Amino acid sequence: MKTAPHNPLLDKLHPYPFERLRALTAGITPNPAYRPISLGIGEPKHPAPKLIEDALMASLKGLSGYPATAGEPSLREAICAWLQRRYSLNLDAATQVLPVNGSREALFALAQTVIDPSRPGATVVCPNPFYQIYEGAALLAGAQTAFANSDPARNFAANWSEIDEPTWCRTQLLYVCSPGNPTGAVMPLSEWQALFELSDRHGFVIASDECYSEIYFGEEGPQSAPLGGLEAAAKLGRSDFSNLIAFTSLSKRSNVPGLRSGFVAGDASIIKRFLLYRTYHGSAMSPIVQAASVAAWNDEAHVVANRAQYRAKFAQVTPLLAAHMRVALPDAGFYLWAEVPAHIHAGDDVAFAQGLLAQYNVAVLPGSLLAREAHGINPGAGRIRLALVAEQSECMEAAERIVAYVQSFKDSL
């Protein structure tokens, strides 16, 4: 019997970080004296807002009809209204926004829309560490990847200068993530300006992943909120958002990762092609999800309350850990990007995660699993990502166990 054919590009995909972590911890029996606590997966654990649940229940009759891939006008208009309130932007609901089934789906699909693999050396540039969907999207679109490492000396901002001119010449798509995963770094206007100039010179598309944009730690108001890509473009007079697409999700903003709802917005010509791709791909959003999404985008009170919960957790956990490890409050997002002390497992992030799980039953994600070796180093090595997504008491208990684990090595010196 002949072997069934398959897409050979699938063979280029790397195992997902959590799959690698499961393999690395498969032989470990966590200490049964402690209940398990996971800070590994960035999955919001705060309760979903009741207004979203109510909108879902009130819209069940929508199951009887096929939805349009472009979404209902009411949803696109709600998205545009939110963009106006949040960023003072005025977008065309008919041509510049498109609802998507979560930003993950859209981040992947955009690469399939804009990459031309017939052009020699088709390249996608990614920050490093990074959300692995970027890499998978590039490889399955027939492109190669290039990485810009985060720079600890610049609050873990990506060092775009590591990408040389010949690579930029081959680049067709650049993924940026601001606030960043896992570092929480927010790109300033000057960095956006530099990337826009590179895009103008070389013609590549910028995909701006902004799914953590509504979790930040300063006082409420625009002075503390992270700068968005479309906002940066508008400030720089690029009101057509040329070659720029922003991605936003309700998952983190509204604690509804299971809703699978977000949107893309920006360059109308790219949105038009993206809609064509998604129409054939079968990516229409359920009518009941659309109704719930309208309710979510139209309400800000639950977002403010959600942000307050994260602010309180980080205010307690960060100084506790900072007394024993190198870690600081990020610009935004719900991760801490902590350095493994050099005297513990020689700074090995994987060994640290394994030991912490075995002795204190706390799961964290080794930073090296979130990055690739580039420019001679793995910029995630020696760090761990802590997702402060659980309730405050559980996050504090996990932090206390981490401190105890770190302290046990000091006591043995």
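Where does P129 lie? In this predicted model, P129 is found in the loop between β3 (123–128) and α5 (133–140).

Strand β3 is mostly covered, as 6 of its 6 residues are buried. Its side chains point two ways: T123, V125 and P127 go to one side of β3, while V124, C126 and N128 go to the other, and all of them are buried. Strand β3 also has a partner, for 6 bridges join β3 to strand β4 (residues 144–151), and the two run parallel. Within this pairing, N128 stands opposite N149 in β4. P179 is found in the loop between β6 (171–177) and α7 (189–202).

How many disulfides does the count come to? The count comes to 0 disulfides. C126 is in no disulfide, and the nearest cysteine sulfur, that of C177, is 11 Å away. With a relative accessibility of 0%, C126 counts as buried. For C177, the closest cysteine sulfur is in C211, at 5.8 Å, which is too far for a bond, since a disulfide needs the two sulfur atoms within 2.5 Å. C177 is buried as well, with a relative accessible area of 12%.

Another part of the model holds an open sheet. Its 3 strands come in the order β10-β13-β12, and the pairing is antiparallel. Strands β10 (335–339) and β12 (365–366) stand at the edges, each with a single partner strand, so one side of each has no neighbour in the sheet. Between β10 and strand β13 (residues 383–387), the antiparallel pairing extends over 5 bridges. One example is A338, whose bridge partner in β13 is I384.

Helix α12 (residues 301–322) lies across β10 and β13 and runs at about 5 degrees to β10. In helix α1 (residues 17–24), the buried residues are P17, F18 and L21. These residues cover an arc of only 90 degrees around the axis, which puts them on the same side of α1. R22 and A23, on the other side of α1, are exposed. What do the buried residues of α1 pack against? They pack against β12 and β13.

Aromatic rings give a further view of the interior. A search of the whole structure finds 19 aromatic pairs. In one of them, the rings of Y131 and Y134 have their centres 5.8 Å apart and their planes at 90 degrees, so the pair is edge-to-face. Both partners are buried: Y131 has a relative accessibility of 19%, and Y134 has one of 1%. The rings of F334 and Y335 form another edge-to-face pair, because their planes stand at 75 degrees, with the ring centres 4.9 Å apart. F334 and Y335 are both buried too. Elsewhere, Y34, F352, Y360, Y405 and F409 form one aromatic cluster.

F241 has a positive phi of about 55 degrees although it is not a glycine. F241 has its place in the loop between α8 (229–235) and β8 (244–249), and at 4% relative accessibility F241 counts as buried. H375 is not a glycine either, and its phi is positive, near 55 degrees. This histidine is found in the loop between β12 and β13. Is H375 buried or partly exposed? H375 is partly exposed, with a relative accessible area of 44%.

Terms used. Residues numbered from 1 in each chain as written. Predicted model: local features only at pLDDT ≥ 70, side-chain atom pairs only at ≥ 80, totals over all residues. Heavy atoms only, no water. Buried < 20%, exposed > 50% of the residue type's maximum accessible area, 1.4 Å probe, protein only. Pairing = 2+ DSSP bridges. Helix = DSSP H or I, 4+ residues; strand = E, 2+ residues; numbered from the N terminus. Contact = heavy atoms within 4.5 Å. Axes fitted to C-alpha atoms, helices over the stretch in contact; angles between N-to-C directions. Arc of directions from axis to C-beta. Phe/Tyr/Trp six-rings, centres within 6.5 Å; stacked < 30°, edge-to-face > 60°.
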